[in-house]
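Please read the following note with the structure at hand. The points below concern the metal sites and the aromatic side chains.

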Amino acid sequence: MSTPAKPLVPVDLHCHSRVSDGTLPPEEVVQRAAERGCRLLALTDHDDVRGLPAARLAASQYPDLRLLAGVEISVTWREKHTLHILGLDVDDTHPDLVAGLVQVRSGRAERAERIAAALHKVGVEGALEGAQKFVTNPELVSRTHFARFIIERGLARDMQAVFKKYLAKGKPGYVAHQWATLPDAVSWIKAAGGVAVLAHPGRYDFGKAAMRDLLHEFIDLGGEGIEVVSPSHAGAEVAAYGRLANEFGLLASAGSDFHTPEESWRAIGLQPELPLGCTPVWSRWLS
Ligand code: AMP
Ligand code: MN
Ligand code: MN
Ligand code: MN
C-alpha cells in the first residue's frame, strides 16, 4: 500500500532563464510555472536581473500568479568558498544592485578562457568556442554552458557526470575565481529592498562549524533566510536545514532551481512542504 503523496506548495523562489544558464526565455519560465499552478514565483538568474521585464510582462497574463523580482548572486566567502545568495523581491532597477551585478559578471569572460585552457590540458579541445554555442547571454558564460558542450562531445553522460569528472571543485576544468564579497552581495540586495536568502546550503563543501559561522555572519549583515527545500537537498538535509533555520531564526525558502526541462532538475512551480515549525519566507507575499 502506498502512502499518499504530501501536498505541494504552489511556490517557487529559485529558477533560471536563458538570461543566465537556463534554456527557456523568461516568459516561458513564467508560463510553465503558471500552467503548473504556481502562485508565487521568483525568477532568480545568476548575477543578472535583465530577464525580469519580460518575465513581468508574461506574469501579467496570469492573475493567480505573483512574480517576484529575484537574483542569485555568486559570492566568494573566506577566500575560497563559492556561495550563492538569493535576493528576493528586489527593485531590479536599483543602481547599487545593477552596478554590483555588472561588477560580478565582468569576471566571467576571462574565467571562461581559464576554464577552456584548463580543459585543453586534459585533452578537451575547443571548449571556449564549444561552450559559446550554448551561451545565451554574452555576459554570462557559466560552467553549465561548458557542461552542455562536454556532453555534446560525448565526454560525459549528463550534467552530474560532467561536473563530477571535469567541472566541480578539485576537478581538472575547475578554476578559482573571485566573485562578490558576502557583505557586498547582501548590501546590494538590501539596498534594493530585497530579502537575502542563503541558497542550497547543502551544496557547500565546508563543515558544520563553518556553516554556523557563515550563518552568524550572514545574519549580522542582514541576511534573513535560508533555502531549506531544494533539489540539492536529500530528505535528511531538508530536515537538518529546517532545524538550522529555526535555531537561527531564519525564514525558510523553497525553490526548484529549475534550469531547463531536459536536464535533471526538479520541475518548476510547486515545491514539497517545509519541515514542521519553519517560518516560510513567502508569508509576506502570499497569504
Ligand atoms: P558558475 O556560476 O559558472 O560557476 O556555474 C554554476 C552552475 O553550474 C550552477 O548554477 C548550476 O547550474 C551548475 N552546477 C554546479 N554544480 C553542478 C552539479 N554538480 N550538477 C549539475 N549542475 C551543476
Ligand atoms: Mn545555474
Ligand atoms: Mn546556485
Ligand atoms: Mn540556481
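1. The manganese ion (ligand 3) and the manganese ion (ligand 2) lie 5.6 Å apart. The model is a predicted one, in which local features need pLDDT of at least 70 and side-chain atom pairs count only at pLDDT 80 or more, while totals for chains, interfaces and linings use all residues. Residues are numbered from 1 along each chain as its sequence is written, chains are lettered from A and ligands numbered from 1 in the order in which they are written, and side-chain values use heavy atoms, with hydrogens and water left out.

2. Which residues coordinate the manganese ion (ligand 3)? They are Glu72 (OE), His84 (ND1) and His200 (NE2), at 2.1 to 2.2 Å. Donors are N, O and S atoms within 2.8 Å of the metal (3.2 Å for Na, K and Ca); water is not among the atoms, so sites may look incomplete. Along the sequence, the spacing of these donor residues is E-x11-H-x115-H.

3. Glutamate 72 belongs to strand S4 (residues 66-77) and histidine 84 to strand S5 (residues 81-88), and this pair, 12 residues apart, links distant parts of the chain. Helices (H or I, at least four residues) and strands (E, at least two) are DSSP runs, numbered from the N terminus. Glutamate 72 is buried, its relative accessible area being 0%, and histidine 84 is buried at 14%. Buried means under 20% relative accessible area, exposed over 50%, and partly exposed in between (1.4 Å probe, protein chains only).

4. The manganese ion (ligand 2) has Asp21 (OD), His46 (NE2) and His259 (NE2) as its protein donors, 2.1 to 2.2 Å away. Their spacing in sequence is D-x24-H-x212-H. Histidine 46 is in the loop between strand S3 (40-43) and helix H2 (52-59), and histidine 259 is in the loop between strand S8 (251-254) and strand S9 (271-272), 213 residues apart.

5. The structure contains two aromatic pairs. The ring centres of tyrosine 204 and phenylalanine 206 are 5.8 Å apart and their planes are at 20 degrees, so this pair is stacked. Rings of Phe, Tyr and Trp (its six-membered ring) pair if their centres lie within 6.5 Å; planes under 30 degrees apart count as stacked, over 60 as edge-to-face and the rest as tilted. Tyrosine 204 and phenylalanine 206 are both buried. Ring pairs join Trp77, Tyr204 and Phe206 into a cluster.
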